[in-house]
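Hello,

Here is the structure I promised to pass on to you. Have a look at it first, and then read on for what turned up.

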Amino acid sequence: MGQAFCCIQVDQSTVAMRETFGKFDHVLEPGCHFLPWCLGKQIAGYLSLRVQQLDVRCETKTKDNVFVTVVASIQYNAIADQASDAFYRLSNTKEQIQSYVFDVIRASVPKLNLDDVFEQKNDIARAVEDELGKAMSSYGYKIVQTLIVDIEPDNHVKKAMNEINAASRMRVAANEKAEAEKILQIKRAEGEAESKYLSGLGIARQRQAIVDGLRDSVLAFSVNVPGTTAKDVMDMVLVTQYFDTMKEIGASSKSSSVFIPHGPGAVRDIASQVRDGLLQGSAIH
């Protein structure tokens, strides 16, 4: 309808290329324009000035011979002042940009190891942006931003990397577990040593108390019963201890059996042995 009245409408963020008998004439800005087609005026096409995005997948090899797929996201737009160059000079803008991206990535990534590719992806994106900016500016396009959005190694490589990481973490965990067990064993040994030390002190104090009690008993008995000697008192105490021991053995509920000689002579022999031991101990000290 607009062509019939020699008028056309150009939308916002878009420009139109006007030709006269097939030759570029003028860039039409957004709005309504008079187009006398009878005078050879016609619209060759429209060019969007909006920012566009192109995702480029490039497969290449790293310095350590690992094949990776690098995904670059290119954001670009046509320059309004160079709209005619952007429209006429390139037949396929996306293929042109893709060729430059392939060239830069395949020149940069083979110089880096796989780990460095992940760490220096911003440097790769900057190199792509610089190269594209220089090349596409002469064709009327501006490179707004270049991003390396993904780096995909081969699946076998990713699996191997994950296994290496898992093995490293398992090794650290094993070291930590061994260190914890070592600490537990040390603390357990320290506790056992302290327990034995305290047990020895208790036994020593028990024996000391027994000796002190026997000494006090002998002295008290000698004073209260005239005519008795220390030997008589000791023999009586030993006989009493002997019968107490026999009572304890008989009253025990355990099934173990103890065979000891029993009789007046046996009691006298035991008393002699204990007395001789005490005398030898006193002589040593």
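Which residues of the largest nonpolar core touch the most other members? Please keep in mind that this is a predicted model. The core has 36 residues, and those that touch the most other members are Ile-74, Ile-97, Val-101, Ile-105, Leu-132, Met-136 and Tyr-141. Two or more residues each come from strand E2 (14–20), E6, E7, helix H1 (83–88), H2, helix H3 (114–119), H4 and E8. E7 gives the largest share, 6 residues. Because domain 1 (7–48) and domain 2 (52–153) both contribute residues, this core lies between them.

Leaving aside neighbours within four places in sequence, its contacts include Gln-52, Leu-54, Ile-97, Val-101, Val-128, Leu-132 and Ile-143. There is also a second, separate core of 6 residues, with Ile-8, Val-10, Leu-28 and Ile-43 among them.

Next, helix H2. At 1.5 Å a residue, its 16 residues (93–108) should span 22 Å, and the end C-alpha atoms are 23 Å apart, which agrees. At the start of H2, a side-chain oxygen of Asn-92 comes to within 3.4 Å of the backbone nitrogen of Lys-94. The buried residues in H2 are Thr-93, Ile-97, Val-101, Phe-102, Val-104 and Ile-105. Their cover includes strand E6 (52–61), strand E7 (67–78), helix H4 (121–137) and strand E8 (141–153).

Key. Residues are numbered from 1 along each chain as its sequence is written. This is a predicted model: local features need pLDDT of at least 70, side-chain atom pairs count only at pLDDT 80 or more; totals for chains, interfaces and linings use all residues. Side-chain values use heavy atoms; hydrogens and water are left out. Helices (H or I, at least four residues) and strands (E, at least two) are DSSP runs, numbered from the N terminus. The expected span of a helix is 1.5 Å times one less than its number of residues. Buried means under 20% relative accessible area, exposed over 50%, partly exposed in between (1.4 Å probe, protein chains only). Contact means heavy atoms within 4.5 Å. A polar contact is a pair of N or O atoms within 3.5 Å; within protein, one must be able to donate a hydrogen and the other to accept it, and residues adjacent in sequence count only if both atoms are side-chain atoms. A nonpolar core is a set of buried Ala, Val, Leu, Ile, Met, Phe, Trp, Tyr and Cys residues joined through side-chain atoms within 4.5 Å. Domain bounds come from an automatic or database domain assignment.
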